[in-house]
Amino acid sequence: MIDETSILRQRLDGAQRWALLLGAGGTVAALAGAFLSEAGAERFFRAYLVAYIFWAGLALGCLALLMLHHLVGGSWSFPLQRPLTAGARTLPLAALFFLPILSRLEDLYRWARPAAVQVDPILQEKALYLNVPFFLGRAAFYFLVWIGLALIISRFAYGTDRASDEERQSRLARYAQRLSGPGLLLYVLTATFAAVDWVMSLEPHWYSSIYGLLYVGRQVLGALALVLALLGLFHRRPPLSGLLTDRVVKDLGNLLLAALISWSYLYFVQYLVIWQANIPEEAVWFVRRTSGGWQWVALLIGLLHFVLPFALLLLQQGRREMAQLAAIGVLLLVMRLVDTFWLVMPAFHPAALSLHWLDAILPLALGGWWAALYVWQLKRHPLLPYNHPKFKTLVERYGTTG
C-alpha cells in the first residue's frame, strides 16, 4: 500500500497546530469582546450565528458530496473521498457548537419571545411550527440523521482499508453505496428544514419556497470549494500526484462550474419570482439587502462569487490546472462566508450595513477548532481508498497513484 510521504504528514501536523492556536486565540479574543466591547453579548451571538452557519454548512456539504461519491463512484470523485469523509465526521463538533445558540434563542429569534408572539398575529399563526420545544426536537433529529449517516458511511468506507479479502471489500463498498441513495434524500429534506429553522426564521414574516433547496446548493458549493482548495496544496506530491490527471482535474472543474451555475440559477429564480410578484411582504427581504450599504456587499457577492469564478472556469486552462482550480476554490470559500454574513446580518441590522470586529474573529475561532478536528480526521487514514474495488480498477486502467 502506498502511504503518505513524511512531508505531507509534517504539513498536516503543522496545519493542525496552527488551527488549534487560531481556535484558542480566537475564542479568547471573542469572549473578551463579548464582555468588554460596547455591543457586548448581543453582537457576539449574532456573529457566532454567522460563523456557525458557515462552518456547519461546510460539514453538511461534505456529507452530501461524500454520499454522491459512493452512489456514483466516478473516477473524478476518488481524490475527494477522504477529504469529504473527514469533513463529514466533524458533524459531532457542529452539534456541540450548536449549544451556545440554544442558550440565546430569544435574543436571536423573534418567534422565541413570548411577548413578541402575543402582539404579532403572523407569529401566532406560525406558532404551531415556530416554537421552542418543536425547534429543539427538530434540531436533535437533524443532528441524529446527519451524524448517523456520516459515521455509518465512513465506517463502511474505512472498513475497506482493513479488509483483507476482496469479497469483504466489495461488500463494504456496496453497503456504503446502498445507504447513500436514501441518505441523500434524508440530507436534502433535513437540510431544507434546518435552513428554514436556523436562517429563514430570523425574519419570520418572510418566506421563500425555494430557500431550503438554495441552501443545499450553498452547502455543496462551499464543500466542493473547500476540498479543491485542499487538494491544491498536495496535488504535486504522492499519493495525489499520480491520480490528479488532466482528465480528472478537468472533471473536477466541470463539477465546480455546474455547482456554481446551479446555485446562481436558484438565486436568480428566487429573485425573479419575488420581483415579478412585487408583494411587499416578500420583496422586503431583498430591499433590506440592497439598501443602506448592504447593496455593496451584494455587488461584491455578485462579482466575486459568480462573475469572476464563472469566467475563470469557462476557460479551458482554468479547468485543467489544479493550482488555478484550487485558487478559485479559495475565492469561493471566502465569498461563501461573505454571502452567509449577507444572509444573516440584515435580519438584525435592516436599516444600514453594520460591521464589528467580532464578525471576523468568530469565524476564525470556530474555524480553527473545526479545521483542527478536520485535519485530525484526515490524518487517521490514508488519503486514498486503496482497497476500494472501483479504485483498484481505476488505478489499473489509468496508471499508478504515486
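Helix axes are lines fitted to C-alpha atoms over the stretch in contact, and the angles between their N-to-C directions run from 0 to 180 degrees. Helices (H or I, at least four residues) are DSSP runs, numbered from the N terminus. The structure is a predicted model, in which local features need pLDDT of at least 70 and side-chain atom pairs count only at pLDDT 80 or more, while totals for chains, interfaces and linings use all residues. Residues are numbered from 1 along each chain as its sequence is written, and side-chain values use heavy atoms, with hydrogens and water left out.

Two packed helices are described by the angle between their axes and the distance between the axes. The axes of helix H9 (residues 132-162) and H10 come within 9 Å and cross at roughly 160°. H9 is therefore roughly antiparallel to H10 (angles over 145 degrees count as roughly antiparallel, under 35 as roughly parallel, 65 to 115 as roughly perpendicular and the rest as oblique). The crossing of H9 with H10 is left-handed, a term used if the near helix is turned anticlockwise from the far one by less than a right angle. The contact of H9 with H10 has 21 nonpolar, six polar and two charged residues; Ala, Val, Leu, Ile, Met, Phe, Trp, Tyr, Cys and Pro count as nonpolar, Asp, Glu, Lys and Arg as charged, and the others, Gly among them, as polar.

Leu 179 lies in H10, which spans residues 166-198. Its relative accessible area is 25%, so Leu 179 is partly exposed (buried means under 20%, exposed over 50%, and partly exposed in between, with a 1.4 Å probe and protein chains only). Not counting residues up to four places away in sequence, Leu 179 touches Leu 149, Ile 152 and Ile 153, where contact means heavy atoms within 4.5 Å. Leu 179 and Ser 264 are 85 residues apart in sequence and 30 Å apart in space, C-alpha to C-alpha.

A nonpolar core is a set of buried Ala, Val, Leu, Ile, Met, Phe, Trp, Tyr and Cys residues joined through side-chain atoms within 4.5 Å. The largest such core has 125 residues, of which Tyr 52, Trp 146 and Trp 198 touch the most other members. Helix H2 (residues 41-72) supplies the largest share of this core, 21 residues. Beyond four places in sequence, the contacts of Trp 198 include Tyr 52, Phe 98, Tyr 109, Phe 143 and Trp 146.

Helix H12 (residues 246-277) and helix H14 (residues 294-314) have axes that come within 10 Å and cross at roughly 145°. The crossing of H12 and H14 is left-handed. Among the residues making the contact are Gly 253, Trp 263 and Ser 264 of H12 and His 305, Phe 306 and Pro 309 of H14. By class, the contact of H12 with H14 has 11 nonpolar, three polar and no charged residues.

Asn 278 is in the loop between H12 and H13. With a relative accessible area of 60%, Asn 278 is exposed. Most residues other than glycine have a negative phi. Asn 278, although not a glycine, has a positive phi of about 55°.

Trp 285 belongs to helix H13 (residues 280-288) and is buried, at 2% relative accessibility. Neighbours within four places in sequence aside, Trp 285 is in contact with Glu 203, Trp 206, Tyr 211, Gln 270, Trp 342 and Leu 343. Trp 285 and Tyr 207 are 78 residues apart in sequence and 8.9 Å apart in space, C-alpha to C-alpha.

Key
Helices (H or I, at least four residues) and strands (E, at least two) are DSSP runs, numbered from the N terminus.
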